[in-house]
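Here are my notes for you, written as numbered points. Keep the model open while you read, and look up each residue as it comes.

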Amino acid sequence: VEDDGSSKPLLVAVEGRRWWYSREALVVVGQTRHSAVASPQVAAPCVVTPALVRQGVRVRRGPDWQWDDQDGHGTGVILERDHSGWASVAWEESGEKNSYRVGQEEAYDLVVASSYTELIAVLYPHEAPTAGPKITAADATPGTRVVRGADWGWGLQDGAGRGTIQGPGDS
């Protein structure tokens with residue numbers, strides 16, 4: 001593939017789903033500089049799924065909340081994954097500690113309250129938001145592993161994970 005400076009988007013597979021992203025939004029794994037980059041807040045509301053259950057992720061009540069005032073109408077911090085589809089949370093306002101659904105019974109009691117930068121630092125401490133070289137046509141080959149780059153603008157659409165390029169395209 002010739003590096004013609006193409007701005008065509010790339011098809012990337014993440015956790016079994018496929019999404020189109022601009023080349024500027026991605027960085028090839030292994031080519032990151034691991035420097036912090038200013039980022040906007042996570043697009044709200046982003047429900048907490050099992051993939052996001054990590055100690056230290058900040059949360060607040062979500063769309064399926066049915067637990068009265070256990071949260072004190074404030075934010076909390078995930079302590080651990082209790083068991084399949086549940087997460088343990090400590091609430092800052094009320095001091096309560098309890099477990100909440102993160103997919104169990106197809107319900108989501110929590111949404112992310114952390115900023116994008118905070119969330120990535122918790123989920124991937126060695127792969128914080130990165131600045132790296134633009135993906136070239138040579139990099140844009142099927143199978144290339146990628147992570148979010150400095151121009152990422154799709155919230156948690158990727159599950160805060162890594163993706164694999166499926167191929168270039170016109171979206």
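1. Start with Asp71, which sits in the loop between S4 and S5. Strands here are DSSP runs of E with at least two residues, while helices are runs of H or I with at least four, and both are numbered from the N terminus. Asp71 is buried, with a relative accessible area of 0%. For that word, the cut-offs are under 20% relative accessible area for buried, over 50% for exposed and partly exposed in between, using a 1.4 Å probe and protein chains only. Leaving aside neighbours within four places in sequence, Asp71 is in contact with Arg61, Trp65, Trp91, Glu93 and Ser94; contact means heavy atoms within 4.5 Å.

2. Before going on, remember that this is a predicted model, where local features need pLDDT of at least 70, side-chain atom pairs count only at pLDDT 80 or more, and totals for chains, interfaces and linings use all residues. Residues are numbered from 1 along each chain as its sequence is written, and side-chain values use heavy atoms, with hydrogens and water left out.

3. Now have a look at His73, in the loop between strand S4 (58–61) and strand S5 (76–83). A polar atom of the Asp71 side chain lies 3.0 Å from the backbone nitrogen of His73. (A polar contact is a pair of N or O atoms within 3.5 Å; within protein, one must be able to donate a hydrogen and the other to accept it, and residues adjacent in sequence count only if both atoms are side-chain atoms.) Is His73 buried or exposed? His73 is exposed, at 58% relative accessible area.

4. Check the backbone of His73 too: phi is positive, about 60 degrees, although His73 is not a glycine. Most residues other than glycine have a negative phi. Glu105 also deserves a look, with a positive phi near 60 degrees in a residue other than glycine. You'll find Glu105 in the loop between strand S7 (97–101) and strand S8 (110–112), and Glu105 counts as exposed at 56% relative accessibility.

5. Next, the sheet. Five strands make an open, antiparallel sheet in the order S7-S6-S5-S4-S8. Which strands stand at the edges? They are S7 and S8, each with a single partner strand, so one side of each has no neighbour in the sheet. Two strands pair if DSSP finds at least two bridges between them. S4 and S8 pair in the antiparallel sense over three bridges, and Val59 has Val112 in S8 as its bridge partner.

6. Asn98 is a handy stop in strand S7. At 32% relative accessibility, Asn98 counts as partly exposed. From Asn98 to Asp82 it is 16 residues in sequence and 9.8 Å in space, C-alpha to C-alpha.

7. Finally, the inside. The largest nonpolar core has 16 residues, and those touching the most other members are Val48, Val59, Ile78, Val89, Trp91 and Leu110. Such a core is a set of buried Ala, Val, Leu, Ile, Met, Phe, Trp, Tyr and Cys residues joined through side-chain atoms within 4.5 Å. Strand S6 (86–91) and S8 each supply at least two residues of this core, and S6 gives the most, with three. Apart from it lies another core, of ten residues, among them Val12, Tyr21, Ala140 and Trp152.
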